[in-house]
Amino acid sequence: MKIRSNRLATTAVAALAASAVVLTGCSSSGGAAPGGAPAADGAIAPMTLTLGHAYAVDSLQHRAAEQLAEEVSTLSDGAITIQVFPAAQLGSWEEMQEGLEIGSVNMVIESLGSLERYTDLAAIEGVPFLYEDAEHFFEVWDGPMAEEILTTVREDSGFQLIGALYRGGRQLNSTRPIESVSDLAGLKLRVPNQQTYIDTWQALGASPTPMALNEVFSAMEQGAIEGQENPIDVVRFSSFYEVAPYVTETNHLYGNFHFQMWGDTFDGYPAEVQEILLQAADTVSSTYRETSVSEAEANRQFLVDEGVEFHEIDLEEWREPVAGLIDDADPQVQEWAEEILALRG
């Protein structure tokens, strides 16, 4: 397991979350105090959870957060309230994840790969060009391997991941057109602070720069970076197309978001609360996938109408420079990757 990163930022996260709870007059159930214990009449005692994410208020991620809050409230007869904080109001996703550990945040919407700084096993999400297409990805993540991966990551990192919110393929979004691998030379590209992402884009010839998502728009606008890579809905709803009007359809990664929680905190909730959270997350996951798939073409058309220029790639040309990266991965990641590759059509 990797050593925990610097946690100085958690002070600010904790203060923000605590202030939110005080302002609403509700009690939080984070940390060691599980909350939600059954009342004398057998009902779930009132509890309030905070959920944060780094995405825009009109994004699909925020809609998922609000749907989860509604589902949980309904299933608990109003006993469990989820307060949603979008657009990095509680800090970057790194800071919010640190908040999960100390109980100042209860849930965060982020990907499996975002846990790579806690466990090398999370790198399975960042292996480039691992999936042939969306159907290949669904075959893996609707099957038994998904539970194996998430359980193993939980054991090694401490994070409990529930639900599976399909993100779609990640695309390259840039301030100048990228049509071939040679065009990537020196491209100043924002990437998440995940080693597999950094290694991938270095191998392809770009100059990757880890940066918080909420800093990307201004950095591209000011010329500090020349691009970012994310699913197409992020390009639209974070308005990146306004400063980076080129999209190269790489589909270099496919992945899910999850509702991330601290495992010990989740285990401390009463069984009824755990079941409600799991059931609600499954419902949201189903809606999210349907919406993500159905809105993909509409998002692309929106960008076309806004003047965004799309480019396709020669897949083999892009695969070749990164083919050897898997050799440096954790042996368990290599084993999972081999199983996934074996399912290619």
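Visitor: With which residue does Arg-319 form a salt bridge, and how far apart are the closest N and O atoms?

Guide: This is a predicted model, in which local features need pLDDT of at least 70 and side-chain atom pairs count only at pLDDT 80 or more, while totals for chains, interfaces and linings use all residues. Residues are numbered from 1 along each chain as its sequence is written, and side-chain values use heavy atoms, with hydrogens and water left out.

Arg-319 pairs with Glu-316 in a salt bridge (a side-chain nitrogen of Lys or Arg within 4 Å of a carboxyl oxygen of Asp or Glu), and the closest N and O atoms are 3.2 Å apart. Both residues belong to helix 11 (residues 315-319), where three residues, about one turn of the helix, separate them; helices are DSSP runs of H or I with at least four residues, strands are runs of E with at least two, and both are numbered from the N terminus. Arg-319 counts as buried because its relative accessibility is 16%, whereas Glu-316, at 51%, counts as exposed. Here buried means under 20% relative accessible area, exposed over 50% and partly exposed in between, with a 1.4 Å probe and protein chains only. Arg-319 and Glu-316 also belong to a network of salt bridges that includes Glu-132 and Arg-344.

By the same rule, the count comes to 10 salt bridges. One of them joins Arg-289 to Asp-142, with the closest N and O atoms 2.8 Å apart. This pair links distant parts of the chain, 147 residues apart: Arg-289 is in helix 10 (271-305), and Asp-142 is in the loop between helix 4 (134-141) and helix 5 (144-157). Arg-289 is partly exposed, at 23% relative accessible area.
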